[in-house]
Amino acid sequence: MLPCAVKFVSIEKLMCGIIGYIGKSEAAPVLLDGLRRLEYRGYDSAGLATLNGQISIRKCKGRIANLAELIEREPVCGSVGISHTRWATHGGVTDENAHPHFDESGKLVVVHNGVIENYQTLKEQLIAEGHHFKSQTDTEVLAHLIGKYFDAAGGEATGKRLVEAVRHALKDVTGTYGIAVMHEAVPGTLVGARRGSPLVLGIGKGENFLASDVSAIVGHTREAVYLRDYDVVALTDDNFEVTTLNGGASGFKVSKVEFSEDDVNKGTYPHYMLKEIFEQPNSLQDAMRGRLSLEEATAKLGGLNMTPTELRDIERIVLTGCGTACHAAMVGEYVLENLAHLPTEVEFASEFRYRNMPMNKDTLVFAISQSGETADTLAALRESMRKGHRTLGICNNVASTIARESDGGVYMHAGPEIGVAATKSFTSQVAVLTLLGLLLGRIRHLSTSEGIRIIEELQAIPDKVRLILEQNEKIKEIAHKYSYAKAMMFLGRQFNYPVAMEGALKMKEISYIHAEGHPSAELKHGVIALISPEVPSVFIAPDDSVLDKNISNIEEVRARKGPVLAIGTEGNTKLAKVADDVIYIPRCPDYLSPLLTVIPLQLFAYHTAVKLGCDVDKPRNLAKSVTVE
């Protein structure tokens, strides 16, 4: 297969990480380096196995540094190996539950991302057959199952035999998986497979790799195969074969990874999150690049795969996503209704498929996900398509499942986002939804002059973001001032109500301060009971149609001695009279204000978390995205 160019791919950041290596170098250093590159993921233990005549395993709970120290005390060698960072789902955080896991023979090892839903039934069957288990995990059950089929096959120990054992075992399981498998009787082969949990094959020279995220191996190779659901891959040091679970041809493609090792490093920044906040002027430009036509006064989104007539026939839009993507969708609801006059609704992807929501045939559905692999969002997409609705994706990964399975969509081109707390993906998603609003508005009612004005305002946004970033030190001082708080309120109206939700999410994610986002107008409908001198309120109150209403709400908080931080428009003198602190943003239209108001909130959350000594890039209990339900 000839490589095909890929503008940007950042495979899903999920709850666990996998790295596998087969080549001529010592595997352990490659595996440890790859695991460190996945350290932004949520995880609670780490381990690796290498093969040099026999399999040696080292694993322990805690950070990768603990595993590195263990290997320094108890070295391992071998040019074949697999490794893993675990985020506990089945069984507690213990050394025994860490991956890799042996089979019954002690000759086969497995690392696994995902959940085996019927593991208990399988475990009981295996115990009845005489198997003994050392952990509480579903993964060990899978290892025993593969080992059972391998041993039952008999005959010569070959890579083909190992692949067939994996196939047989995976046909017995219900759930999701991304796995890497090796057997000491087959030292020249690694086997991987995926269903619902991403896995990428990295192609080297005299060496090959398996990883759950291409960022872990980009320092070694720039060619990759992004495996599809039900793909099975067998790797040797100089070759690979990708087939389906049933043994047929996979139809895989070799992709060129066009970001470099430097793109996934922190550079001079202390944290990935801060780096990504400061990358937003560029990521916003990239989201709009080549998509704005002054000549036609509209946006160009060819990836929608819809004609102007089809777009004009849309009567309703449904946006669905999880977490930050859902907040971006909420902004999109306001923008689409404002610019395109189209009824728009937002649905939590986690609830979408469990509702029997009435949708007519002229409803267009957008599934929004940074990675394109989020389990709930993917399930929503499939449910929508199952019911015959045209369903498009907005994602950051051109090789993702959502990108492959949707009827079309828009790529964000945001570049790698490593920090668990989403920042630039939010603004890129909002930018894409604004382009969509412009496109749909222009084919309905927006005049040419209105379209040109919107384009000019959009093009000015990156430089306005840069002006906000220049206030970083001031925002840091304000964050330190309020870092005492045990709880915070975030309030906004209209376009900035979703920004209040997103600001609260950022604060709670990385600083662990209890934070709530509400519409400002809901203050006196119960929320005001929480106001006290110990609970600061953050008001997003730019110069818009509801500014005076926001100021009235601020007055209500101040009357109850609640501290107030406001996000306002430069030149405004009203806010300084009623708020304790004000962070100013450049002037912009109402519908673009979320692209600016969210920036100070990201920095506010970041500096608060750093002040409190929190691990900003690896917040407790969280992962970048969730690939299991």
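**Figure 1. Q370 sits in the loop between β20 (363-369) and α11 (375-386).** Helices and strands here are DSSP runs, numbered from the N terminus: helices are H or I with at least four residues, strands are E with at least two. This is a predicted model, in which local features need pLDDT of at least 70, side-chain atom pairs count only at pLDDT 80 or more, and totals for chains, interfaces and linings use all residues. Residues are numbered from 1 along each chain as its sequence is written, and side-chain values use heavy atoms, with hydrogens and water left out. Is Q370 buried or exposed? Q370 counts as buried because its relative accessibility is 8%. Buried means under 20% relative accessible area, exposed over 50%, and partly exposed in between (1.4 Å probe, protein chains only). P281 is 89 residues from Q370 in sequence and 18 Å from Q370 in space, C-alpha to C-alpha.

**Figure 2. Five strands make an open parallel sheet, in the order β19-β18-β20-β21-β22.** Strands count as paired if DSSP finds at least two bridges between them. The edges are β19 (344-348) and β22 (409-411). Each has a single partner strand, so one side of each lacks a neighbour in the sheet. From one strand to the next, the twist averages 20°. Angles run from 0 to 180 degrees between N-to-C directions, and axes are lines fitted to C-alpha atoms, for helices over the stretch in contact. Strand β18 (residues 316-321) pairs with β20 in the parallel sense over 5 bridges. Within this view, I317 stands opposite L364 in β20. Helix α9 (residues 324-340) packs on the sheet and touches β18, β19 and β20. The direction of α9 makes about 170° with that of β19. Helix α11 lies across β18, β20 and β21 (390-395). This helix, α11, runs at about 160° to β20.

**Figure 3. A second open sheet has 6 strands and antiparallel pairing.** The order is β6-β7-β8-β9-β13-β14. Which strands lie at the edges? They are β6 (101-102) and β14 (240-244), and each pairs on one side only. Strand β7 (residues 108-113) runs antiparallel to β8, joined by 6 bridges. V110 stands opposite V181 in β8. Helix α4 (residues 138-153) lies across β6, β7 and β8, at about 135° to β7. Helix α5 (residues 159-172) lies across β7, β8, β9, β13 and β14, at about 145° to β8.

**Figure 4. Strand β9 (residues 190-195) is mostly covered.** Of its 6 residues, 5 are buried. Strand β8 (residues 177-183) pairs with β9 in the antiparallel sense, over 5 bridges. A hairpin of 6 residues joins β8 to β9. Y177 stands opposite R195 in β9. Strand β13 (residues 231-235) also runs antiparallel to β9, with 5 bridges between them. There, R194 stands opposite D231 in β13.

**Figure 5. Helices α13 (residues 424-442) and α19 (residues 594-611) pack at about 175°.** Their axes lie 10 Å apart. The two helices are therefore roughly antiparallel. (Angles under 35 degrees count as roughly parallel, over 145 as roughly antiparallel, 65 to 115 as roughly perpendicular and the rest as oblique.) F426, T427, V430 and A431 of α13 meet P594, L595, V598 and I599 of α19. Contact means heavy atoms within 4.5 Å. By class, this contact has 7 nonpolar, 1 polar and no charged residues. Ala, Val, Leu, Ile, Met, Phe, Trp, Tyr, Cys and Pro count as nonpolar, Asp, Glu, Lys and Arg as charged, and the others, Gly among them, as polar.

**Figure 6. Helix α1 (residues 27-37) is mostly covered.** Of its 11 residues, 8 are buried. They are A27, A28, V30, L31, L32, G34, L35 and R37. These buried residues pack against β2 (17-22), β3 (45-52), α2 (64-73), β5 (80-86) and β11 (208-211).

Figure 7. P100 is in the loop between β5 and β6. Q494, in the loop between β23 (487-492) and α16 (497-511), is not a glycine, yet its phi is positive, near 50°. Q494 is partly exposed, with a relative accessible area of 41%.
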